[in-house]
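Subject: A structure to look at, and what was found in it

Hello,

I am passing on the structure below, and I would be glad if you could look through it before reading the notes that follow. Please keep it open beside this email as you read.

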Amino acid sequence: MKRAYNFNAGPSALPLAVLERAQKELLNFQQTGMSIMELSHRSKEYDAVHERAETLLRKLMNIPDTHDVLFLQGGASLQFSMVPMNLLKEGEVGNYVLTDSWSDKAMKEAKKVGATHVAASSKEEQYTYIPTNIELSERAAYLHITSNNTIAGTQWREFPNVAVDLIADMSSDILSRNIDVSRFALIYAGAQKNLGPSGVTVVIIRKDLLAKGDDHLPTMLNYRTYSESRSLYNTPPTFAIYMLSLVLEWVEEQGGVQAIEKKNAEKAAILYRCIDESEGFYKGHAKKESRSHMNVTFTLPNEELTKKFLAEAKEKGLIGLAGHRSVGGCRASIYNAVDMEACEVLVQFMETFRKNIF
Ligand SMILES: *Cc1c(COP(=O)(O)O)cnc(C)c1O
């Protein structure tokens with residue numbers, strides 16, 4: 001069996017060791033005679049998995065006791081709504097930094113709930129950089145940022161220092177680098193990029209914010225419901241949380257987030273070097289100081305060459321390299337589970353392709 005070199009933006013590559021373990025345990029999970037998917041979410045076997053996912057995430061991200069870890073459904077996209085529903089009160093303003101269409105969408109949902117303000121934006125320059133000139137509105141409830149911009153291929157290196165609660169959509173770079181969780185009021189991430197399969201969304205929330213959720217909110221849209229029930233108010237996505245626990249164990253085996261961060265920087269470096277040393281054949285979309293270590297976005301001289309590039313890459317087993325339709329060109333998503341070998345094969349291919357054309 002030949003596995004693809006998977007550069008998909010999401011859902012994306014999972015570690016082979018994790019898939020093999022899940023396969024091995026599929027028919028008979030811990031001598032229950034059932035798969036994990038067939039177990040009650042109230043069983044002690046599932047509970048241990050649920051508990052382990054939370055404990056490992058806390059350990060790997062160094063999450064302080066001031067913050068709760070919640071497992072939700074509805075993807076990062078539901079968080080675009082839940083954040084303002086829970087945290088944006090009458091008379092307050094949700095502040096947003098616009099850095100690609102995900103942050104645009106987040107603000108669009110907040111507008112349905114209350115007042116919003118664009119605190120900074122790089123929209124007029126095709127989202128090619130992370131803006132630093134942040135101007136908060138009066139009565140700001142929070143500042144919302146997107147730590148890694150999956151579509152544009154930009155990433156915050158230093159998080160902004162602001163006097164209001166900082167909220168981050170970390171869907172495409174959670175667990176890829178060390179961050180200081182205590183600086184954030186709330187972090188959310190759909191799992192399908194760095195954490196596991198789609199179906200579970202991780203929310204890390206400072207506990208004092210739970211009181212802000214209005215009792216009139218639908219039960220399932222109130223963060224407090226998840227906090228008070230250990231995310232077991234209703235049936236959680238048990239298989240996705242099980243897979244998350246395996247991915248977290250894998251990260252630990254790799255040496256934790258610090259080791260992963262180093263590897264990710266090395267992977268990104270060889271790709272950006274290939275782009276920079278291509279004499280203008282490949283052009284990086286993001287400005288150098290804002291480049292993402294997760295999504296490497298680049299263009300070729302024209303549409304025809306881009307099509308040829310993608311077709312030949314596919315023949316070589318290099319999959320998922322088409323850019324998002326709003327940016328065009330190509331995008332290599334190199335999340336935690338994409339190893340150095342895959343990046344080296346891609347660099348080799350990019351160099352050979354260029355030399356055959358030039
Ligand atoms: C993928 C992605 C989303 C959307 O996630 P869903 O789980 O599909 O809702 C939101 N924000 C960012 C930064 C993403 O990369």
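In this predicted model, 29 residues of domain 1 are in contact with 26 residues of domain 2. To find the two parts on your screen, take residues 17–253 as domain 1 and residues 255–357 as domain 2; their C-alpha centres lie 27 Å apart.

The area that the two domains bury between them comes to about 2,200 Å², and 50% of that area is on carbon and sulfur atoms.

Turning to the polar side of this interface, there are 20 residue pairs in polar contact between domain 1 and domain 2, counting pairs in which both residues have a pLDDT of 80 or more. The count of salt bridges between the two domains is 1.

Which elements give two or more residues to the side of domain 1 that touches domain 2? They are the strands β6 (148–149) and β7 (154–155), together with the helix α6 (238–253). Of these, α6 provides the largest share of that side, with 4 residues. When the residues on this side of domain 1 are sorted by class, 10 are nonpolar, 12 are polar and 7 are charged.

Best wishes

Terms used. Residues are numbered from 1 along each chain as its sequence is written. This is a predicted model: local features need pLDDT of at least 70, side-chain atom pairs count only at pLDDT 80 or more; totals for chains, interfaces and linings use all residues. Side-chain values use heavy atoms; hydrogens and water are left out. Domain bounds come from an automatic or database domain assignment. Contact means heavy atoms within 4.5 Å. Buried area is the accessible area (1.4 Å probe) that two parts lose on being put together, summed over both. A salt bridge is a side-chain nitrogen of Lys or Arg within 4 Å of a carboxyl oxygen of Asp or Glu. A polar contact is a pair of N or O atoms within 3.5 Å; within protein, one must be able to donate a hydrogen and the other to accept it, and residues adjacent in sequence count only if both atoms are side-chain atoms. Ala, Val, Leu, Ile, Met, Phe, Trp, Tyr, Cys and Pro count as nonpolar, Asp, Glu, Lys and Arg as charged, and the others, Gly among them, as polar.
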